[in-house]
Structure formats: C-alpha cells, structure tokens
Amino acid sequence: MSKKPDRESLPYRPCVGIMLLNGRGQVFVARRRDTTDAWQMPQGGIDEGETVHEAALRELEEEIGTGAAEILAETVEKLRYDLPDHLLGKVWKGRWRGQEQVWVAARFTGTDADIDLATEHPEFDAWKWVDAADLTALIVPFKKPVYEAVLAEFKPVIDRLRAA
C-alpha cells in the first residue's frame, strides 16, 4: 500500500482561473470529462515567464477552443483551495496540495459557435452559460469557498454587463 504524501510538505500550484462572462452577465461553466458531476470555470497553471493575462487567454484557447475574450478585472488577492484527501497524491502527478489562484473576469467577445471543447487535450464534455446566482450549486464542495469569493469580488463587473 502506497503512503499518502504529507499535505504540509507540498506546495500550491500557481494557477489562473477565468470567469468568462457573456453580454448578459452569465458565467461560462463546463463539465469535466473525468468527473461528470463536476462543473467548473476554466482554470489552469501559469507557465514560467507568463503573465496572468497571458495564461488566462492561453487556458481559454486550450480548454474551450477560443481565446476570444477581453480581460476586465483581476482578483486583488490570490485564492487557495486544498485537494480533498482522496485526490491528494493522485492529480497533477502528486506534486501539489491544491491551487493558489489569481482569477480574472473576462468578457467573451466571440459567439457561442466559437466554443469548441474538442481541443488537443479535452478536459470538458459539455458547457453552458449560467446565472451567477446558480454557479456555486454546480461546483464540487472543496472549490465552493473560492467560487463564492470570486463571485463576491466580481459582482460589480457582472452587474455592469447585465445593465449594459
């Protein structure tokens, strides 16, 4: 039986999360292929030498097939979540205890037809636009506090898009 890694000895993965918003202020979410009851906003690692905005647009391209977005805001503080015990040592080749994320709010500048989940390394099998109020009900429990913080911080951005 393999020994679980010591959580405290593992670092957080530097990551960017993207709250992609349409013109009605709805949030893009996609369902993970590996966990069909888990929906999330696009997110991924920040490569060495890459800015948060560069990483955000690259992750959109890699995960949803388009980088058609204008970044509107960035979280003031980095947000962290820890993996639950049953995932620790299994995801990201066991190198990280969770993620430390900078989130950006971005306005989608393309059309729904531009979104293509059949990317080189597909992560998602379905997507939809949801009202911000419905977002956290779709999210796995260990990520909910981060999503609640992101929603609270980006509420003015969402409200501006709804009012436009």
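Student: Are W103 and Y147 buried or exposed?
Tutor: In this predicted model, W103 is buried, and Y147 is buried as well.

Student: How are the rings of W103 and Y147 arranged?
Tutor: Their centres lie 5.5 Å apart and their planes meet at 75°, so the pair is edge-to-face. An angle over 60 degrees is what counts as edge-to-face.

Student: Which parts of the chain does that pair tie together?
Tutor: W103 belongs to strand β7 and Y147 to helix α2, residues 144–163. The two parts are 44 residues apart in sequence, so the pair ties together separate stretches of the chain.

Student: How many aromatic pairs does the structure hold?
Tutor: There are six aromatic pairs. One of them joins W103 and Y147.

Student: What about F108 and W129, how is that pair arranged?
Tutor: F108 and W129 form a tilted pair, with 5.8 Å from centre to centre and 45° between the planes. This pair links distant parts of the chain, since F108 sits in strand β7 and W129 in strand β8 (residues 124–130), 21 residues apart. Both F108 and W129 are buried.

Student: Which residues do the ring pairs link into a cluster?
Tutor: The cluster consists of F28, F108, W127 and W129, linked by ring pairs.

Student: And which residue lies over the face of W39?
Tutor: That is K128, placed over the ring face at 4.4 Å from the ring centre of W39.

Student: Switching to the cores: how many residues are in the largest nonpolar one, and which have the most contacts inside it?
Tutor: The largest nonpolar core has 25 residues. Those with the most contacts inside it are M19, L21, V27, M41, W103, L135 and V150.

Student: Where do the residues of this core come from?
Tutor: At least two residues each are supplied by β1, β2, β6, β7, β8 and α2. The largest share, eight residues, comes from α2.

Student: What is L21 in contact with?
Tutor: Apart from neighbours within four places in sequence, L21 is in contact with Q26, V27, A105, A106, R107, F108, W129, V157, I158 and L161.

Student: Which residues does the second core include?
Tutor: The second core is separate and has 20 residues, including L20, A56, V104 and F108.

Student: Now helix α1: how many residues does it have, and what length does it reach?
Tutor: Helix α1 covers residues 52–64, has 13 residues and reaches 18 Å from its first C-alpha to its last. That is close to the 18 Å expected at 1.5 Å a residue.

Student: Which residues of α1 are buried, and what covers them?
Tutor: In α1, the buried residues are V52, A55, A56, R58, E59, L60, E63 and I64. The elements covering them include β1 (12–21), β2 (27–32), β4 (43–45), β5 (69–74), β7 and β8.

Student: Why do residues three or four places apart in a helix point the same way?
Tutor: An α-helix has 3.6 residues a turn, so residues at that spacing point the same way.

Student: What follows α1?
Tutor: G65 follows α1, and its phi is positive, near 80°.

Student: And K93, where is its place, and what is its phi?
Tutor: K93 is in the loop between β6 (79–82) and β7 (98–108). Its phi is near 55°, a positive value in a residue other than glycine. K93 is exposed, with a relative accessible area of 77%.

Student: Last one: where is K155, and what separates it from G25?
Tutor: K155 is in helix α2 and is partly exposed, at a relative accessible area of 47%. The C-alpha atoms of K155 and G25 are separated by 9.7 Å, although these residues are 130 residues apart along the chain.

Note on methods:
Residues are numbered from 1 along each chain as its sequence is written. This is a predicted model: local features need pLDDT of at least 70, side-chain atom pairs count only at pLDDT 80 or more; totals for chains, interfaces and linings use all residues. Side-chain values use heavy atoms; hydrogens and water are left out. Helices (H or I, at least four residues) and strands (E, at least two) are DSSP runs, numbered from the N terminus. Buried means under 20% relative accessible area, exposed over 50%, partly exposed in between (1.4 Å probe, protein chains only). Rings of Phe, Tyr and Trp (its six-membered ring) pair if their centres lie within 6.5 Å; planes under 30 degrees apart count as stacked, over 60 as edge-to-face and the rest as tilted. A charge sits over a ring if NZ of Lys or CZ of Arg is within 6 Å of the ring centre and within 35 degrees of the ring normal. The expected span of a helix is 1.5 Å times one less than its number of residues. Contact means heavy atoms within 4.5 Å. A nonpolar core is a set of buried Ala, Val, Leu, Ile, Met, Phe, Trp, Tyr and Cys residues joined through side-chain atoms within 4.5 Å.
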